[in-house]
Amino acid sequence: RPQGVPLRHIIAVSKMVKRAVDPTLKARMHQYAIVGRGAPTQRNPDPKVYRMKVFARDHVLAKSKFWYFMKKLNKVKRQGGEVLSLSEITEKNPSYVKNIGMWIRYKSRSGTHNMYKEYRALSQTEAVGQMYAEMAGRHRAQCGNISIIKIAQLKKDECRRKHVTAHHTPAKFPLLRRIPMVPKAMRTTFNARRCTTFLG
């Protein structure tokens, strides 16, 4: 510390400084339903309305992704369009684990690839967060290069991946150290022989 500066002043200043937290560590995915269309013109006074479900961290990124796909699929730009409504879709039953299948397409350094993934999660947004983390770790795929084609909740017989089907059978654990019950009349505080816990 600088000479002549009391230690209590340094501690007080350090408590006042806010530490910057990496926003990606607390980022959580949300699902939005966005309804939009091209702006009405004299040639087309009643343009077609489109509805899209988008996964994003916030509503700003959701609208950006909406206009990205609108320009790509329907040739409607943000400058010549309007968003009619934006609402967040929440999970109906977030209290139990579901099997979720995901069909995705992503761009790598060598080309475009299609993939099918399966996850177990409480909600679809949680499964999408798992997918982005896995794709970043396994394939170095960036979030902007991944497109979700379809997402669906699967039944047990529809699952294919072993790490998902392993949870469908009841878990069994070996009883390695079983101590047999002794009749109450024969129980003692101290015993001359060590009890045998191995039952082969």
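## Exercises on a predicted model

On the face of helix 3 turned away from its buried side sit the exposed residues Ala133, Gly137 and Arg138. Keep that in mind as you work through these exercises; the model is a predicted one.

**Exercise 1.** Find out on which side of helix 3 the buried residues lie, and what covers them.

*Solution.* 
- Step 1: List the buried residues of helix 3, which are Thr125, Ala127, Val128, Met131, Tyr132 and Met135.
- Step 2: Look around the axis: these residues cover an arc of only 155°, so they are on the same side of helix 3.
- Step 3: Look for the cover. It includes strand 1 (30–38), strand 2 (49–56), helix 2 (59–73), strand 4 (98–107), strand 5 (112–121) and strand 6 (146–154).

**Exercise 2.** Check the span of helix 3 against the distance between its end C-alpha atoms.

*Solution.* 
- Step 1: Helix 3 covers residues 124–139, which is 16 residues.
- Step 2: Now step just past helix 3, where Arg140 has a positive phi of about 55°.

**Exercise 3.** Decide whether His168 is buried or exposed, and name its contacts.

*Solution.* 
- Step 1: Locate His168 in the segment after helix 4 (162–165).
- Step 2: Buried means under 20% relative accessible area. His168 has a relative accessibility of 18%, so it counts as buried.
- Step 3: Leave aside the neighbours within four places in sequence; His168 is then in contact with Asn99, Arg120, Lys156 and Cys159.
- Step 4: Look at Asn99 again: its side chain makes a polar contact with the side chain of His168, at 3.2 Å.
- Step 5: Turn to Cys159, which is itself buried, with a relative accessible area of 11%. Cys143, on the other hand, is partly exposed at 36%.
- Step 6: Finish with the disulfides: the structure holds zero.

**Exercise 4.** Describe the protein chain as a whole: how many helices and strands are there, and what pattern do they follow?

*Solution.* 
- Step 1: Count the elements: four helices and six strands.
- Step 2: Read along the sequence to get the pattern α-β-β-α-β-β-β-α-β-α.
- Step 3: Check burial: 24% of the 200 residues count as buried.
- Step 4: Take the contacts with a separation of 6 or more; 58% of them join residues 24 or more positions apart.
- Step 5: The accessible surface of the protein chain is about 16100 Å², and 54% of it belongs to carbon and sulfur atoms.

How values were computed: Residues are numbered from 1 along each chain as its sequence is written. This is a predicted model: local features need pLDDT of at least 70, side-chain atom pairs count only at pLDDT 80 or more; totals for chains, interfaces and linings use all residues. Side-chain values use heavy atoms; hydrogens and water are left out. A disulfide is a pair of cysteine sulfur atoms within 2.5 Å. Buried means under 20% relative accessible area, exposed over 50%, partly exposed in between (1.4 Å probe, protein chains only). Helices (H or I, at least four residues) and strands (E, at least two) are DSSP runs, numbered from the N terminus. The expected span of a helix is 1.5 Å times one less than its number of residues. The arc is that of the directions from the helix axis to the C-beta atoms. Contact means heavy atoms within 4.5 Å. Accessible areas come from the Shrake-Rupley method with a 1.4 Å probe; for residues, only the protein chains shown count as cover. A polar contact is a pair of N or O atoms within 3.5 Å; within protein, one must be able to donate a hydrogen and the other to accept it, and residues adjacent in sequence count only if both atoms are side-chain atoms.
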